There are 2 protein chains.
Amino acid sequence: MIGRLNHVAIAVKDLEASAKVYRDTLGATLSAPLPQPEHGVTVIFVELPNSKIELLEPLGADSPINAFLERNPGGGIHHVCYEVDDILAARDKLKAQGARILGTGEPRIGAHGKPVLFLHPKDFLGTLVELEQA
Amino acid sequence: MIGRLNHVAIAVKDLEASAKVYRDTLGATLSAPLPQPEHGVTVIFVELPNSKIELLEPLGADSPINAFLERNPGGGIHHVCYEVDDILAARDKLKAQGARILGTGEPRIGAHGKPVLFLHPKDFLGTLVELEQA
């Protein structure tokens, strides 16, 4: 069911300082910062040849990554995102197997303009998993 | 400097139960378990079209992932691995910029039979970074 590893997301407190680590120290190519007020984050993508790292900084007091950064003030890996061909079919198959879908259970439009869902970390080896329609 | 995202490693207590989540629930293709006594882990690779997930179970009392699993008993993302063309040149460039290399600072042979190094999480956004010679 799951296809490509679309991205690995790293939550950080200071997006510009973090971008500098990937751009200057690790020598990677980065996108411009992209504020996503509807998701409560500002995003920079680190473009790797086969996948992406998504650097996430909180945007607004209700950012969904605030609690994570309180627990991990130095930053850390927040989630992994896998592509699926049909997000509604994937959701229904996962639910039928007892996996928990976060939020309303209905896909939202994610950072790439495509429908996404998040799966409960306790059902997936302690990792928050995002599914994105390919 | 960094190239492909070679893999994302997830540390788990029970490799077979974790493999079942990726194989049966998420429908991915998995390798057979590969014990690596010299690294203190048994590994299963989840083969995705563009990258891999490395499931790690402790092997032996001195496994380097024991402490992580004490802090994260349900499992969790342990590190990300980026490929570099020349691991010694990469190491020297990183050291010159003040980044800390773990262990002796000399590459060891990793899970793919290639030289690897680990970088200090505090220098890389709270994430443990493995570099692997491409």
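Two rings of Phe, Tyr or Trp form an aromatic pair if their centres lie within 6.5 Å. Planes over 60 degrees apart make the pair edge-to-face. The views below show a predicted model.

**View 1. Two aromatic pairs are found in the whole structure, over all chains.** Y22(A) pairs with Y82(B). Their ring centres are 6.0 Å apart, and 90 degrees separate the planes, an edge-to-face arrangement. This pair crosses between chains. Y22(A) belongs to helix α1 (residues 15–25) of chain A, and Y82(B) to strand β6 (residues 76–84) of chain B. Y22(A) counts as buried because its relative accessibility is 0%. Y82(B) is also at 0%, so Y82(B) counts as buried.

**View 2. Y82(A) and Y22(B) form an edge-to-face pair.** The centres lie 6.0 Å apart and the planes meet at 90 degrees. This pair, too, crosses between chains. It runs from strand β6 (residues 76–84) of chain A to helix α1 (residues 15–25) of chain B. Both Y82(A) and Y22(B) are buried.

**View 3. A rotation of 180 degrees superposes chain B on chain A.** The shift along the axis is 0.0 Å, and the RMSD is 0.0 Å. That is the relation of a two-fold axis. The same surface serves both copies: 100% of the contact residues of chain B recur in chain A. Which residue of chain B comes closest to the rotation axis? It is N50(B), with its C-alpha at 3.0 Å.

**View 4. A lysine charge sits over a phenylalanine ring in chain A.** The charged end of K52(A) is 5.9 Å from the ring centre of F45(A). In chain B, the charged end of K52(B) sits over the ring of F45(B), 5.9 Å from its centre.

Key: Residues are numbered from 1 along each chain as its sequence is written. Chains are lettered from A and ligands numbered from 1 in the order in which they are written. This is a predicted model: local features need pLDDT of at least 70, side-chain atom pairs count only at pLDDT 80 or more; totals for chains, interfaces and linings use all residues. Side-chain values use heavy atoms; hydrogens and water are left out. Copies are superposed by least squares on the C-alpha atoms of residues with pLDDT of at least 70 in both. Contact means heavy atoms within 4.5 Å. Rings of Phe, Tyr and Trp (its six-membered ring) pair if their centres lie within 6.5 Å; planes under 30 degrees apart count as stacked, over 60 as edge-to-face and the rest as tilted. Helices (H or I, at least four residues) and strands (E, at least two) are DSSP runs, numbered from the N terminus. Buried means under 20% relative accessible area, exposed over 50%, partly exposed in between (1.4 Å probe, protein chains only). A charge sits over a ring if NZ of Lys or CZ of Arg is within 6 Å of the ring centre and within 35 degrees of the ring normal.
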